[in-house]
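Let's take a walk through this structure together, one stop at a time.

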Amino acid sequence: MINDFVFENTTKVYFGKNQLENLPNELKKYGTKVMLNYGGGSIKKIGLFDKITNILKSSGIEVFEFGGIEPNPKHTTVNKGVQFARENNIEVLLAVGGGSTIDATKAMAAGYYYNGDVWDLVCGKEKVTNALPIFTVLTLAATGSEMDCGGVISNMETNEKLGLVHPLLQPKISFLNPENTFTVSKYQTAAGSADIIAHILDICYFVKSPKMDMLDMVMESVLKTVVKYAPVAIKEPDNYNARANLMWAASWALNGFLIAGRAQAPTNHMIEHELSAYYDITHGHGLAILMPRWLEYILDDTTEGDIKKFGVNVFGLDKNSSAKDAIEAFKKFLFEDLGLKPTLTDLNIDKTHFKEMSRHCCFGEIMHGYKDLTPDDIEKILEMCL
Ligand code: NZQ
Ligand code: ZN
């Protein structure tokens, strides 16, 4: 029996080239004092910062600039953002960037109403009670943060990277212009594409719970879209059609539609967040290294059929091909077509922290995913990635 589920996604999306003119009127429904959050400055280089601030200022909106949000955003940066928002009586938060900028903005939105370190909310010690309204202008197709209610924050003092999830953190409106992703590097395009694939495989494609055929077919279409267009975007960064396909695939991979009652630990994500928490690596790259090794490790009579189907339906392999062929096709895509380095050793990671990471990511017990894994299993998977 398919599990019961509720589906609701309240984010309004303006998709395409000429949508930004709608931003001021939409923002004004929530306030006129807007905090514009961004990362290391790519939005200034591509002219997006000037474009947005000009549109807002000419509409009578006051813009307060908060830059410097780092990839794998840190709780200390979020705390600074909360303070800045309070000092300026901010009414709306506008995140312009990739998943890191959007996630940090979500944590600031909740932190604004919490008197203390935002880490208390992230680690679950305290509950989210309210949040400032959140708008996004997406510049990197990957995380789905533009259309979901979660954010991932790192605490480098405790080596923890955890998700903060709450319905109040769902963006009100997201602006998705594929042109804003033309300048994403080959490396970040590849890593982002691996992340889109991971959201589907980890959360809803390889699952124990009963499946809905309709969704399996949609998932395979989204996966095939990434397999087709990520290499095009890498070769031709300003190919609008390729960037548009990746952008919409990213949003729909994690906006709740595909999950439909399937509930399990997202194994690769939980392990990857450990790697990021210790080594600050690029999320999608860590996932790309982990996923095929995880599939190799869990390959047995119970998983063989699903993995083989992945090869046939996503990579177009012959019906007589094996699950091993599927994993090889996946590796070829990740490490040759996308050009991502294939091992943790390539990222200067050795096994020093594997034991503690393996225990921490399943809280010392069993990780209940597609295949249940013990800390020892996880350690072995990490060793296969070296
Ligand atoms: O810092 P800026 O200047 O923005 O540069 C970024 C950064 O260096 C750059 N970039 C972004 N857009 C660009 C661009 N460079 C040139 N042109 C553009 N248009 O790319 C680099 C990476 O940006 P980042 O935002 O870190 O990447 P991504 O979107 O992949 O986000 C990764 C973060 O999201 C979390 C990850 O764990 C990681 O912390 N995730 C969030 C999820 C969610 N909210 O639902 C789910 C995911 O599974 C994931 O965990
Ligand atoms: Zn992810």
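This is a predicted model: local features need pLDDT of at least 70, side-chain atom pairs count only at pLDDT 80 or more; totals for chains, interfaces and linings use all residues.

Asp 337 has a charged partner, Lys 332, and their side chains meet in a salt bridge with N and O 2.9 Å apart. Lys 332 is partly exposed too, at 40% relative accessibility. As background, side chains of opposite charge can pair when their charged atoms come close.

How many salt bridges does the structure hold? The count is 19. Some of them share partners, and in that way Lys 211, Asp 216, Glu 220, Arg 262 and Lys 309 are joined into one network. Zoom in on one pair from that group: Asp 216 and Lys 211 form a salt bridge whose closest N and O atoms are 3.5 Å apart. Asp 216 is buried, with a relative accessible area of 7%. Lys 211, on the other hand, is partly exposed at 24%.

Now look for Asp 372 and Lys 208, another pair whose side chains meet in a salt bridge, this one at 2.8 Å from N to O. Where do the two partners sit? Asp 372 is in the loop between α14 (354-361) and α15 (375-384), while Lys 208 is in the loop between α7 (186-205) and α8 (213-235), so this pair ties together parts that are 164 residues apart in sequence. Asp 372 counts as partly exposed, at 35% relative accessibility. Lys 208 is exposed, with a relative accessible area of 52%; the cut-off for exposed is over 50%, which means that Lys 208 falls on the exposed side of that line.

Which of its residues are buried? They are Pro 375, Asp 377, Ile 378, Glu 379, Ile 381 and Leu 382. Look at what surrounds them, and you'll find that the buried residues of α15 pack against α10, α11 and α14. As a general point about helices, an α-helix has 3.6 residues a turn, so residues three or four places apart point the same way.

One of those neighbours, α11, takes us to the next stop. Helix α11 (residues 283-298) packs with helix α13 (residues 323-337) at an angle of about 170 degrees, and their axes are 10 Å apart. That angle makes the two helices, α11 and α13, roughly antiparallel. If you'd like to see who makes the contact, α11 brings Ala 288, Ile 289, Met 291, Pro 292, Arg 293, Leu 295 and Glu 296. From α13 come Ile 327, Glu 328, Phe 330, Lys 331, Leu 334 and Phe 335.

Next, find Leu 246 in helix α9. Is Leu 246 buried or exposed? With a relative accessible area of 3%, Leu 246 is buried. Leaving out residues up to four places away in sequence, Leu 246 touches Ala 141, Thr 189, Ser 193, Ile 196, Val 226, Tyr 229, Ala 230 and Ala 233.

Follow the chain on from α9 and you come to Asn 255, in the loop between α9 (240-253) and α10 (267-279). Asn 255 is in a loop, yet this residue is buried, with a relative accessible area of 4%. Again leaving out residues up to four places away in sequence, Asn 255 touches Phe 7, Asn 9 and Met 147.

Phe 7 leads us out to the surface. Together with Ile 2 and Phe 5, Phe 7 forms a nonpolar patch there, with about 270 Å² of accessible area between the three. Ile 2 lies in the segment before β1 (12-15) and is partly exposed, at 37% relative accessibility.

Finally, have a look at the backbone in two loops. Asp 280 sits in the loop between α10 and α11, and its phi is near 55 degrees, a positive value in a residue other than glycine. Asp 280 counts as partly exposed, at 38% relative accessibility. The other stop is Asn 348, in the loop between α13 and α14. Asn 348 also isn't a glycine, and has a positive phi of about 60 degrees. At 70% relative accessibility, Asn 348 counts as exposed.

Technical notes. Residues are numbered from 1 along each chain as its sequence is written. Chains are lettered from A and ligands numbered from 1 in the order in which they are written. Side-chain values use heavy atoms; hydrogens and water are left out. A salt bridge is a side-chain nitrogen of Lys or Arg within 4 Å of a carboxyl oxygen of Asp or Glu. Helices (H or I, at least four residues) and strands (E, at least two) are DSSP runs, numbered from the N terminus. Buried means under 20% relative accessible area, exposed over 50%, partly exposed in between (1.4 Å probe, protein chains only). Patches are made of residues with over 30% relative accessible area and no salt bridge: like charges are joined within 9 Å, nonpolar side chains (Val, Leu, Ile, Met, Phe, Trp, Tyr) within 5 Å. Accessible areas come from the Shrake-Rupley method with a 1.4 Å probe; for residues, only the protein chains shown count as cover. Axes are lines fitted to C-alpha atoms, for helices over the stretch in contact, and angles run from 0 to 180 degrees between N-to-C directions. Angles under 35 degrees count as roughly parallel, over 145 as roughly antiparallel, 65 to 115 as roughly perpendicular and the rest as oblique. Contact means heavy atoms within 4.5 Å.
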